[in-house]
Every structure is written in structure tokens, then in C-alpha cells.
Amino acid sequence: MIGVFSKTTDSNFVEALGLAGMDFIILDQEHGPIHNETLHNHVRAARVSNMTAVVRVKGVDANAIGAALDAGADGVQVPNIGTAEEASRAVDAARFFPTGNRGVCRFVKAAKFGSAPKAEYFQNANEKLLILQVEGKEGIVNLDEILKVDGYDILFIGPYDLSQSLGIPGQIDHPKMEELMNEVAEKAKKQGKKLGTFADSITTARKLRNRGFQYLAYSVDINIFLEAALKIKEEITE
Ligand code: 3PY
């Protein structure tokens with residue numbers, strides 16, 4: 001799956017990325033201006049353009065995770081997981097009984113405002129994607145334990161944060177990063193977890209895809225727009 005991070009408030013950007021054939025969009029509440037009202041419209045825009053809508057919340061916060069899923073998102077991505085206990089708390093917040101303890105309201109958008117058959121709603125809700133990000137020293141130290149936690153689907157390596165924790169901020173193509181990413185990828189594969197990460201160059205994205213990263217976020221909507229505009233200006237004036 002190839003996707004893009006969204007850091008804009010206009011749902012037309014989301015719809016356009018779906019029309020371009022992107023498989024998923026990550027609606028970024030951690031580093032973007034997407035509040036819950038906007039989220040409802042972005043999720044709708046992803047749906048009409050056949051794209052999986054994932055919300056990256058700010059952290060392991062049960063209310064934020066619940067609100068994102070209540071808005072009808074197809075998945076939630078939780079940044080900076082450092083321990084197995086945090087991973088378990090994320091699972092608990094994102095899943096209903098018997099896997100977790102997510103807050104229940106059957107009148108939310110995800111439950112078709114109360115019109116979804118109850119059994120179907122609870123069943124479908126527990127099949128939404130849960131993606132956990134490991135990107136700091138603590139998460140790397142505790143990786144084996146984090147990988148043993150059940151109830152989440154994808155382990156996502158945040159390369160920028162990881163590069164900072166290695167003392168080489170921003171150098172995501174550094175050999176030290178390559179080594180660590182490979183190590184994490186091998187461990188995740190052994191535990192049967194799917195892998196995700198982020199790339200901001202086509203070369204890196206291709207390399208990671210070939211290396212088995214199934215959930216690959218490429219760049220950010222507003223940056224894709226900016227880069228295209230720069231290229232147009234440059235090509236016309238050269
Ligand atoms: C990171 O690179 O640290 C991310 O969280 C993805 O942009």
C-alpha cells in the first residue's frame with residue numbers, strides 16, 4: 001500500500017490523492033492542523049475516492065483514538081510507542097471487547113449515526129487498522145516486547161524521529177539508519193507483524209518497498225503540491 005500524509009485542512013486535497021490512486025492517507029493530528037471537525041470531512045473525502053483513511057493521533061490517548069475511530073476512520077496510527085505497556089494501552093483504546101475497552105457510542109458517524117446493525121458495528125470496528133510507531137531509543141530497546149503485543153496490525157518505523165534518537169537528525173539515508181531499519185524489519189517479520197515507514201524520495205520509497213515495507217507513506221500532501229509548483233516554475237523559466 002502506498003499513501004501520503006495529509007497536513008492540510010481542505011478535503012479536496014484528500015479526494016485528489018484518492019483520485020490519483022493512492023491506497024491510503026494519514027490524516028495527521030500529531031504534526032498537522034487537522035482537528036476533529038475537519039477529520040469528519042477528510043474521512044468522507046477519502047471514502048468517496050476509495051482510499052483508506054488513517055488518523056495519526058498525538059499519542060497514546062484513549063479519547064483521541066476513540067474520537068478518530070468514531071469519525072469513521074479506517075485506522076489509527078499512534079506515534080512514539082516506547083514500551084509494551086504503551087502498545088497494550090493503544091490496543092485497549094482502539095478495540096472493543098474482547099480485545100480492548102474502547103469507549104462505546106453507537107450514534108457516531110462510524111456507526112452510521114445509530115443506523116448500523118449493532119453486532120455488525122462492533123465486529124467491523126475491531127477489524128480497523130491499528131498502526132504503532134516505533135521511533136525512539138526506548139522503543140528500540142523494548143522492541144522485542146512491543147512486537148509480542150497482540151491486537152495491532154502494523155509496526156511503523158518513524159525514520160526522522162529515529163534518526164534523531166541515533167544522534168543524526170534528518171539523515172534518514174545514513175548507513176546507521178539502514179542497519180537499524182533492517183534489524184527492526186527482520187524482528188517484525190519474525191513476529192508476523194506487517195511493516196510500515198515513511199520516505200520522502202522516490203529512490204528511498206522504491207528501495208523500502210522492495211525490502212518488504214507493505215505500508216509505505218510517501219511525503220506530505222502540501223509538500224507534493226509545493227514541489228510540483230516549483231518544478232513548473234523552473235521548467236517554464238529555464
Ligand atoms: C518520522 O519520520 O519520524 C515520522 O513520524 C514519519 O514522518
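Reader: Is the crossing of H1 and H2 left-handed or right-handed?

Author: This is a predicted model, in which local features need pLDDT of at least 70 and side-chain atom pairs count only at pLDDT 80 or more, while totals for chains, interfaces and linings use all residues. Residues are numbered from 1 along each chain as its sequence is written, and side-chain values use heavy atoms, with hydrogens and water left out. A crossing is called left-handed if the near helix is turned anticlockwise from the far one by less than a right angle, and right-handed if clockwise. By that rule, the crossing of H1 and H2 is right-handed.

Reader: Is H1 roughly parallel or roughly antiparallel to H2?

Author: Helices (H or I, at least four residues) and strands (E, at least two) are DSSP runs, numbered from the N terminus, and axes are lines fitted to C-alpha atoms, for helices over the stretch in contact, with angles from 0 to 180 degrees between N-to-C directions. The axes of helix H1 (residues 11-19) and H2 come within 8 Å and cross at roughly 20 degrees. Angles under 35 degrees count as roughly parallel, over 145 as roughly antiparallel, 65 to 115 as roughly perpendicular and the rest as oblique. Therefore H1 is roughly parallel to H2.

Reader: How is H3 placed relative to H4?

Author: Helix H3 (residues 62-70) packs against helix H4 (residues 84-94) at an angle of about 40 degrees, and their axes are 8 Å apart. This angle makes H3 oblique to H4.

Reader: Which peptide bond is cis?

Author: Most residues other than glycine have a negative phi, and most peptide bonds are trans. Pro 98 lies in the loop between H4 and helix H5 (118-125). With omega near 10 degrees, the cis bond is the one from Phe 97 to Pro 98.

Reader: What is the phi of Asn 50?

Author: Asn 50 is found in the loop between helix H2 (36-48) and strand S3 (52-56). Its phi is positive in a residue other than glycine, with a value near 55 degrees.

Reader: Which elements give two or more residues to the lining of the largest cavity?

Author: On a 1 Å grid over the protein atoms alone, a cavity is a set of points where a 1.4 Å probe fits but cannot get out, a pocket is an open set with protein on both sides within 12 Å along at least five of seven lines, and lining residues have an atom within 4 Å of a point. The largest cavity has a volume of about 100 Å³, where grid points are joined across faces, edges and corners and a volume is the space filled by probe spheres set on the points. The residues that line this cavity include Met 177, Met 181, Thr 204 and Leu 208. The elements asked for are helix H9 (175-190) and helix H10 (202-210).

Reader: Which helix gives the most to the lining of the largest pocket?

Author: About 250 Å³ of space lies in the largest pocket, and of the 16 residues that line it, the closest to its centre are Lys 109, Ala 110, Lys 112, Tyr 121 and Lys 128. With four residues, the helix that gives the most to this lining is H5.
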